[in-house]
Amino acid sequence: MKLAIVGSAGAGKSTLFRILTGVESSHPRGFVSGIGVAELFDPRLEKIADAVGSKKRVHPHVELHDFDGFGRMWREERAGEIQNALLGFDGLIQVVNAFSGKDPVDDFQKVDLNFIVSDLSIVENAKSRVRKEVQAKKASPKLLEALEKVEKALSDGKSVLEAELSESERRELSGYSFVSALPRVVVVNVSEDAFGRSLKEFEDVMHGRKIPYIYASLEIEEEIMQLDGDEQAAMLSEYNIEAPLPQRLIPKILKALDLITFFTATEKEARAWLLKNGLTVLKAAGKVHTDMERGFIRAEVFNYEDLMEYGDIKALKAAGRLRLEGRDYIVKDGDIVFIRFSK
Ligand SMILES: Nc1nc2c(ncn2[C@@H]2O[C@H](COP(=O)(O)OP(=O)(O)O)[C@@H](O)[C@H]2O)c(=O)[nH]1
Ligand SMILES: [Mg+2]
């Protein structure tokens, strides 16, 4: 999985990138000033590993890019190039500047407009080509209709994600990669003294656009990340922050991407896996190992919540909370799954 951090110049992109990856950004190559790996730490995995007695713990990871294409390096005439640089990404984290006297609504909209301009240029090129293809009966008129709906949404200042498209229209468009079709989470970088104060007007815009957001003062968050134990707890409570930034941000990202987490656990290793919401345990088995999907017999499943309630697996089994599930079982967030399979 690959995510890009985007936002205006000086919004705090590289600071957030550093917090999440530990990597220092440098001069941009192309539009990217840093590439790193972020651990999507899941506190539940630690508890599961403790209960099972697993030696190794493996949290999910995501590739993160510190992406300057829509900030300092944005040029309308380079929209196509910038767009290409984002091919293959699964989502965006947009950092919004609300700390240096900037109006966060303006800062958000400036970058959002760049997404829209960039997608409009794609749609316009595509439309004239597809129109000819439709006349020559080489493309479906439905594709042209879908492109027109996208154009309408973008012209109204909405993202492709917000465009009212049917399932089949979205399928028609699957060959196009629109930036504004990517799921997005906003990090509002507020100043230290404004932390904890909500920004009414900004929140109205986010709610209207259905974009999830969190507040963070990135300079403080970075200091917090450098502490641990009691020192970290003291600083968190001093600023009235419930948990370090990754713990607040990661669940928002997973939700925006419609991902759930399931776990596997043996004495050797406990591991958290990401899975598209709504997939079966057979697909989940395939993530762990192709052999497990091929030779799937059944799954033994219980949920993290049950484990917390009963304390350990023995008690859980005794209480009959371990379920046997077939290949069509839809995996739920927090499921702990043991796959029985034949080799
Ligand atoms: N006061 C304050 N300054 C910040 C905060 N976050 C970032 N900065 C400063 O803003 C500047 C730009 O941050 P950076 O992460 O490099 O922004 P980028 O251009 O989006 O990558 C740096 O000098 C940071 O120290 C913050 O929360 N508060
Ligand atoms: Mg930077």
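Predicted model: local features only at pLDDT ≥ 70, side-chain atom pairs only at ≥ 80, totals over all residues.
**View 1. Strand β5 pairs with β1 and with β6.** β5 covers residues 91–98. Seven of its eight residues are buried, so β5 is largely enclosed by the rest of the structure. Five bridges join β5 to β1 (residues 2–7), and the two strands run parallel. Look for Gly 7, which stands opposite Val 95 in β5. β5 also pairs with β6 in the parallel sense, over seven bridges. Here Asn 97 stands opposite Asn 189 in β6. Strands of a sheet pair through backbone hydrogen bonds, either parallel or antiparallel.

View 2. Val 188 stands opposite Tyr 215 in β7.

**View 3. Strands β8 and β9 form a hairpin.** Three residues lie between the two strands. β8 takes in residues 259–265, and β9 takes in residues 269–276. They run antiparallel, joined by seven bridges. Ile 260 stands opposite Leu 275 in β9.

**View 4. Both faces of strand β8 are buried.** Which residues point which way from β8? Leu 259, Thr 261, Phe 263 and Ala 265 point one way. Ile 260, Phe 262 and Thr 264 point the other way. All of these residues are buried. The count is seven of seven, so β8 is largely enclosed by the rest of the structure.

**View 5. Fifteen residues surround ligand 1.** The closest are Gly 12, Lys 13, Ser 14, Thr 15 and Glu 219. Two elements give two or more residues to this shell: α1 (13–21) and α8 (218–226). α1 gives the most, with three residues. How do the shell residues divide by type? Five are nonpolar, eight are polar and two are charged.

Terms used
Residues numbered from 1 in each chain as written. Chains lettered and ligands numbered in written order. Near = placed C-beta within 6 Å. Helix = DSSP H or I, 4+ residues; strand = E, 2+ residues; numbered from the N terminus. Nonpolar A, V, L, I, M, F, W, Y, C, P; charged D, E, K, R; others polar. Pairing = 2+ DSSP bridges. Buried ≥ 20, exposed ≤ 12 C-beta atoms within 10 Å, placed from the backbone.
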